[in-house]
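Hi,

Here is the structure for your files. My notes on the chain interface follow below it.

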2 protein chains.
Amino acid sequence: MNNAFISDEQTLDNAGIRVTAVRLMVWRQVRHGFSDAFSLADLEAALPTVDRSTLFRTLTTLTDAHLLHLIDDGTGSQKYCVCPEGDTHHCGGHVHFTCLTCHRTFCFTDIHIPVVPLPDGFEARETEYVVKGICSSCRKG
Amino acid sequence: MNNAFISDEQTLDNAGIRVTAVRLMVWRQVRHGFSDAFSLADLEAALPTVDRSTLFRTLTTLTDAHLLHLIDDGTGSQKYCVCPEGDTHHCGGHVHFTCLTCHRTFCFTDIHIPVVPLPDGFEARETEYVVKGICSSCRKG
DNA sequence: CCGTTTTCTGCAACCGGGTTGCACGCGCGG
DNA sequence: CCGCGCGTGCAACCCGGTTGCAGAAAACGG
């Protein structure tokens, strides 16, 4: 098989999860249908024939399989994002951007979060850096 | 009157809101009873005799009056924090810390958020910087 | 090829935080 | 003294997330 192009079926199979109709629909949607981070509600709207709890569990499955990662963008509703292919374990530590106009969330995977010194006694485990503003397509539009 | 000490009643009055029994209870609680950021649930637990929606509306009133400010700490549940007195309009732009053990959220008002360059076309309006880790009292304990 | 077992899916219900509608009550002003 | 407005309590709702359960579908083993 050709490594330069891996089919959606093979991606799921490689991740160690069973390939089912729903999972394939979900993966194709999130892989090709969304340009950036998405919520469960987005997925529901895109695939109205599939039950919400099934979508939820499918997202959990894909996240556990390191095909997606979870973003805590501070809106209270959790967002998912496709992990960069082949590098499924380095999804954290980068800056996120939430557009105040279109409410989309973007991963800036190449901008990493600057570290600030904390007061004595405070120990950092992970950091969220979320910029809210206007995204490039909303500014152009 | 003495500027060095303003009574709770006067604080509310100065902010332009009517002084009522509930508002006084709430203000005293958040002003003297909580050491850091708190949620509506915290307030409910501290003042069980007051109705939840009343507490919610009171918090909204106090926030509108710039006596409190809202923190988006990424947990999905919104937190409130007492604004530094006399400087009620500069509550944003600083680092927050959420303890993974005791789930308290702290305002580090003197640590301001470092700025990162964004890709072309993206315009920043506000930034959330939330560190998750272990707070000093949980580490000592 | 059939029966068993495991997994996946859909439906319904639940949960918690946030929010709103409505009615009562108190206080202030005419 | 009457009425209006604001504050409060109660109940209900909304929304996103989550779980229990039962039926369908896929894998497994003979």
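**Interface of chain A and chain B**

A:Gly133 has B:Ala124 as its bridge partner in E6(B). That pair belongs to an antiparallel pairing of E6(A) with strand E6 (residues 123–134) of chain B, over 11 bridges. Strands pair if DSSP finds at least two bridges between them; helices (H or I, at least four residues) and strands (E, at least two) are DSSP runs, numbered from the N terminus.

This is a predicted model: local features need pLDDT of at least 70, side-chain atom pairs count only at pLDDT 80 or more, and totals for chains, interfaces and linings use all residues. Residues are numbered from 1 along each chain as written, chains are lettered from A and ligands numbered from 1 in the order written, and side-chain values use heavy atoms, without hydrogens and water.

Contact (heavy atoms within 4.5 Å) links 36 residues of chain A with 35 of chain B. The two chains bury about 3,000 Å² between them, 63% of it on carbon and sulfur atoms. Buried area is the accessible area (1.4 Å probe) lost on putting the two parts together, summed over both. A:Phe122, A:Tyr129 and A:Lys132 supply 19% of what chain A buries against chain B, more than any other three residues.

The interface has 2 salt bridges (side-chain nitrogen of Lys or Arg within 4 Å of a carboxyl oxygen of Asp or Glu) by the rule. One salt bridge joins the side chains of B:Arg139 and A:Glu123, at 3.2 Å, N to O.

Best wishes
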